[in-house]
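Please consult the sequence and the coordinates alongside the text.

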Amino acid sequence: MIERQSFRNQTLYADLLQEAVADTLPAGVGMSFTHKTINDRRYWYLSVAIGKRRIQTYLGPDSDELQEQIKLHREKWSQAEKPLRARALLVAHLIKSGATPTPPGVTSILSLLADGGVFLAGGVVIGSIAFAAYANMLGVQWTHGSMQTQDIDTATDHVAVAVQPDGILLEEVLAKSDLKFTPIPALTPEAPNTGFSSGPGGIHVDVLTPMRGKESSRPIFLKRLGVHAEPLRFLDYLLEDNQQCVLLARSGILVHVPSPARYALHKLVVAERRPTTWATKARKDIDQAAQIIQVLAEDRPGDLISALEAAKNYHKKFYQTLEKGMERLPSLQNISLSELMELVS
């Protein structure tokens, strides 16, 4: 049975998200504003330190408006401690009031990835961490069984980050951690690794990217990210529509997750594509999808319609598999998937 969080909790979460977005670069750690002069005109950049490298983001030509924005950010960086304390108190209150916390085992690495600019550069958290985040985004509490994962049962926490073939040097970001991440050896000796581990029973970071072209499990090298990634078919359906959310840990960790509707439909496809030996994971996929769809059908049916329209226009095989996955869903309240299908057909 899906329970609703209190209206006050939903309001407080919205406030926390708004503050986290406004303070995307709250402390300015490793950040500075720099400029270049070309043909007697000044152009400004935001410079971010990632490991031993610096990534520069173009801000625009010099202007009074831009100068004022730079001044405001510098002032905010110098006064960041107070709002961070206020946000930490807000996170603690939300968790005490029944909101879903972020698993403590992955808090440090998620903070590291956020501070390192991984999510600003387009990284998207997927998997069980995203599903937990949807509870607070949608103002509900998921059933206990759907929150459990095989990884957590074996005392190993996994962080799955999906990325397009652009980004930052992930390995250098991980190198800043005290957890001493090392590459996870591939199943075949000649294959490059697509993940990192902090040791037995520790944290795994899996790097994923969309599979394009012919079916292949061969890792794809992401030049700007500086790592190989495991290609997954249909992953780009998730990455085409992602949203910011704040994870409840520390002072709130701002990340990107797929839209809940696309996540749910993608889970139905994943469940259909899993081999028989992974039946337990397939049941969990269906359970997560069913709960998200039930909430969206009641509160935000337009999100489902949009995701279904995107699926129909995305890939024939994906949509055909999605139709099969829908047949495995339990009945929904107020609106059925067949009715949604009619709306988009």
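The points below are grouped by topic, after a note on conventions.

The model is predicted, so local features are reported only where pLDDT is at least 70 and side-chain atom pairs only at pLDDT 80 or more, while totals for chains, interfaces and linings use all residues. Residues are numbered from 1 along each chain as its sequence is written, and side-chain values use heavy atoms, with hydrogens and water left out. Helices (H or I, at least four residues) and strands (E, at least two) are DSSP runs, numbered from the N terminus.

**Helix packing: H12 and H13**

- Two packed helices are described by the angle between their axes and the distance between the axes.
- Helix H12 (residues 301-314) packs on helix H13 (residues 316-326) at an angle of about 135°, and the axes are 7 Å apart; axes are lines fitted to C-alpha atoms, for helices over the stretch in contact, and angles run from 0 to 180 degrees between N-to-C directions.
- H12 and H13 are therefore oblique to each other (angles under 35 degrees count as roughly parallel, over 145 as roughly antiparallel, 65 to 115 as roughly perpendicular and the rest as oblique).
- From H12, Leu308, Ala311, Lys312 and Tyr314 meet Phe318, Tyr319, Leu322 and Met326 of H13, where contact means heavy atoms within 4.5 Å.
- This contact of H12 with H13 comprises seven nonpolar, no polar and one charged residues; Ala, Val, Leu, Ile, Met, Phe, Trp, Tyr, Cys and Pro count as nonpolar, Asp, Glu, Lys and Arg as charged, and the others, Gly among them, as polar.

- Six of the six residues of strand E14 (residues 253-258) are buried, so E14 is largely enclosed by the rest of the structure; buried means under 20% relative accessible area, exposed over 50%, and partly exposed in between (1.4 Å probe, protein chains only).
- In a regular strand the side chains alternate between the two faces of the sheet.
- In E14, Ile253, Val255 and Val257 point one way, whereas Leu254, His256 and Pro258 point the other way.
- Helix H5 (residues 128-138) has nine of its eleven residues buried, so H5 is largely enclosed by the rest of the structure.
- The buried residues of H5 include Phe131, Tyr134, Asn136 and Leu138.
- Glycine 139 follows H5 and has a positive phi, near 70°.

**Strand pairing: E13 and E14**

- Strand E13 (residues 242-247) pairs with E14 in the antiparallel sense over six bridges; two strands pair if DSSP finds at least two bridges between them.
- Glutamine 244 has histidine 256 of E14 as its bridge partner.
- The hairpin of E13 and E14 has five residues between the strands.

**Salt bridges**

- Side chains of opposite charge can pair when their charged atoms come close.
- The whole structure contains eight salt bridges, each being a side-chain nitrogen of Lys or Arg within 4 Å of a carboxyl oxygen of Asp or Glu.
- Glutamate 240 and arginine 262 form a salt bridge, with the closest N and O atoms 3.3 Å apart.
- Because glutamate 240 lies in the loop between helix H9 (235-239) and E13, and arginine 262 in helix H10 (residues 260-273), the pair ties together parts that are 22 residues apart in sequence.
- Glutamate 240 is exposed at 51% relative accessible area, whereas arginine 262 is buried at 10%.
- Lysine 267 and aspartate 285 meet through their side chains in a salt bridge of 3.2 Å, N to O.
- Lysine 267 lies in H10 and aspartate 285 in helix H11 (residues 279-299), so this pair ties together parts that are 18 residues apart in sequence.
- Both lysine 267 and aspartate 285 are buried, and the relative accessibility of aspartate 285 is 0%.
- Aspartate 285 also forms a salt bridge with arginine 274, with the closest N and O atoms 2.6 Å apart.
- Arg4, Glu298 and Asp299 are linked in a network of salt bridges.

- Most residues other than glycine have a negative phi, and most peptide bonds are trans.
- Phenylalanine 234 has a positive phi near 75°; phenylalanine 234 lies in the loop between strand E12 (227-232) and H9 and is buried at 2% relative accessibility.
- Arginine 250, in the loop between E13 and E14, has a positive phi of about 55° and is exposed at 53% relative accessibility.
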